[in-house]
Amino acid sequence: MTRGKWLAVLCLVPFALFFIVFQIAPLAWVMINSLQSEEFGWGLANFTRIADSKFYLQAIRYSLEISFWSSVFGIIIAVLGAYSLRRVDSRLRNFVNAFANMTSNFAGVPLAFAFIILLGFNGALTIMLKQAGIIQDFNLYSKTGVIILYTYFQIPLGVLLLYPAFDALREDWRESAASLGANGWQFWRHIGLPVLTPALLGTFVILLANALGAYATVYALTTGNFNVLPIRIAAMVSGDISLDPNLASALAVVLVALMTLVTIVHQLLLKRSYHVSR
C-alpha cells in the first residue's frame with residue numbers, strides 16, 4: 001500500500017471511531033436491551049407486548065400515516081417549487097434557496113409555537129377562516145393538523161434536495177422532443193419523469209425518514225399527548241408515570257426496522273429506474 005493510501009486510511013480513523021461510538025454502539029445497546037424483560041428475562045416478550053397492544057400498534061400506524069402523507073404532500077409541492085426556481089431570475093432563485101435552507105432548520109418548539117399562534121383554536125388564521133365561512137372547525141392537535149405541520153418542514157428540505165436534480169434535464173432534450181412532435185405531457189412522461197425518478201425516490205425516502213424520527217415538533221405541539229412512536233419511546237425512557245427502557249428499546253427497534261424496510265424498497269425501485277437501467 002502506498003504512502004498516500006495509508007494517509008487516507010489514517011484520515012478515516014476519526015470518522016470510523018465517531019461512527020462506532022455514536023452509531024453502532026447505541027444501536028447494539030438498543031437491540032440487546034430490546035430482548036431483555038424484567039418480568040420474563042431474555043426473549044421476545046417486549047415485541048409480543050407491542051404486537052398485542054392496540055395502543056402501540058396505533059402509534060406505529062399514526063407514525064406511518066403522518067410520515068407518508070406529509071412526505072407525499074411535501075414532495076409534490078417541492079417538485080413544483082424546484083422546477084419553478086429553474087425558470088425564474090437568478091436573484092429570486094438565490095433568495096428562495098437561501099430562504100429554503102433557513103426554513104428547513106425551522107422546526108421543534110419555534111415551529112410548533114408559530115403554528116399554535118396561526119392555526120390553534122384561537123389562532124389568527126383559524127379565526128379569519130371561520131369568519132369568512134371557509135372552515136367550520138379545525139383542530140391543529142389532531143392527525144390532520146400534525147400532517148399539515150410536518151408538511152411545512154418537509155417542503156424546504158424537498159426543494160433543497162430536488163433543485164440540483166433538475167440539472168439533469170437538458171434544454172435540448174425538450175427542443176428535440178418538440179421537433180419530433182411531442183407535447184409537454186409526452187416529454188415529461190417519457191423523458192422528464194424517468195430521468196428524475198431516482199431523485200424523486202431518494203428525496204421521498206429522506207422525507208419519510210425525516211418525519212418518522214421527528215420528535216421535538218410534535219411534542220411541543222401536543223405536550224406529548226399524541227400517539228406516535230418517538231413520543232412513546234421518550235415516555236418509556238424519561239416518563240414520570242411509566243419507565244421501561246427495555247420496552248422503549250423494542251419500540252426503537254421497530255422504528256429502525258420500518259426505516260430499513262423503506263430503504264430496501266427504495267433501493268429495489270431505484271434498480272428499475274431510468275439511470276440504472278442504462
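Reply: The model is predicted. Asn-46 sits in helix α2, which covers residues 45–52. Asn-46 has a relative accessible area of 4%, so it falls under the 20% limit and is buried. A polar atom of the Asn-46 side chain lies 2.7 Å from the backbone oxygen of Gln-36. Residues up to four places away in sequence aside, Asn-46 touches Asn-33, Ser-34, Gln-36, Ser-37, Asn-246, Leu-247 and Ala-250.

The side chain of Asn-33 has a polar atom 2.7 Å from the backbone oxygen of Trp-29. Beyond four places in sequence, the contacts of Asn-33 are Asn-46, Asn-246 and Ser-249.

Thr-223 gives a contrast in exposure. Thr-223 lies in the loop between α10 and α11 (229–238). With a relative accessible area of 53%, Thr-223 is exposed, because the cut-off is over 50%. Its side chain makes a polar contact of 3.0 Å with the side chain of Asn-225.

Next, the nonpolar cores. The largest nonpolar core has 20 residues, and those touching the most other members are Ile-66, Val-146, Tyr-150, Val-218, Phe-226 and Val-228. Two or more residues of this core come from each of α3 (54–85), α5 (109–119), α7 (143–162) and α10 (216–222). The largest contribution is that of α7, with five residues. Val-146, with neighbours within four places in sequence left aside, is in contact with Ile-66, Leu-140, Val-218, Leu-221 and Phe-226. A second, separate core has 18 residues, among them Tyr-56, Leu-229, Ala-248 and Ala-252.

A search of the whole structure gives one cavity of 30 Å³ or more. The largest cavity has a volume of about 40 Å³. Its lining consists of Tyr-62, Ser-63, Ile-66, Ser-67, Tyr-150, Ala-211, Leu-212, Ala-214, Val-228 and Pro-230. The elements giving two or more residues to this lining are α3 and α9, and α3 gives the most, with four residues. By type, the lining of the largest cavity holds eight nonpolar residues, two polar and no charged. Ile-66, Tyr-150 and Val-228 are in this lining and are also among the residues that touch the most other members of the largest nonpolar core.

The second largest pocket is an open space, with a volume of about 160 Å³. Tyr-83, Arg-86, Arg-87, Phe-166, Asp-167, Leu-169, Arg-170, Glu-171, Arg-174, Phe-187 and Trp-188 form its lining. Two or more of the lining residues come from each of α8 (171–179) and α9 (184–212). The lining of the second largest pocket divides into five nonpolar residues, no polar and six charged, whereas the lining of the largest cavity has no charged residues.

Key: Residues are numbered from 1 along each chain as its sequence is written. This is a predicted model: local features need pLDDT of at least 70, side-chain atom pairs count only at pLDDT 80 or more; totals for chains, interfaces and linings use all residues. Side-chain values use heavy atoms; hydrogens and water are left out. On a 1 Å grid over the protein atoms alone, a cavity is a set of points where a 1.4 Å probe fits but cannot get out, and a pocket is an open set with protein on both sides within 12 Å along at least five of seven lines; lining residues have an atom within 4 Å of a point. Grid points are joined across faces, edges and corners, and a volume is the space filled by probe spheres set on the points. Ala, Val, Leu, Ile, Met, Phe, Trp, Tyr, Cys and Pro count as nonpolar, Asp, Glu, Lys and Arg as charged, and the others, Gly among them, as polar. A nonpolar core is a set of buried Ala, Val, Leu, Ile, Met, Phe, Trp, Tyr and Cys residues joined through side-chain atoms within 4.5 Å. Buried means under 20% relative accessible area, exposed over 50%, partly exposed in between (1.4 Å probe, protein chains only). Contact means heavy atoms within 4.5 Å. A polar contact is a pair of N or O atoms within 3.5 Å; within protein, one must be able to donate a hydrogen and the other to accept it, and residues adjacent in sequence count only if both atoms are side-chain atoms.
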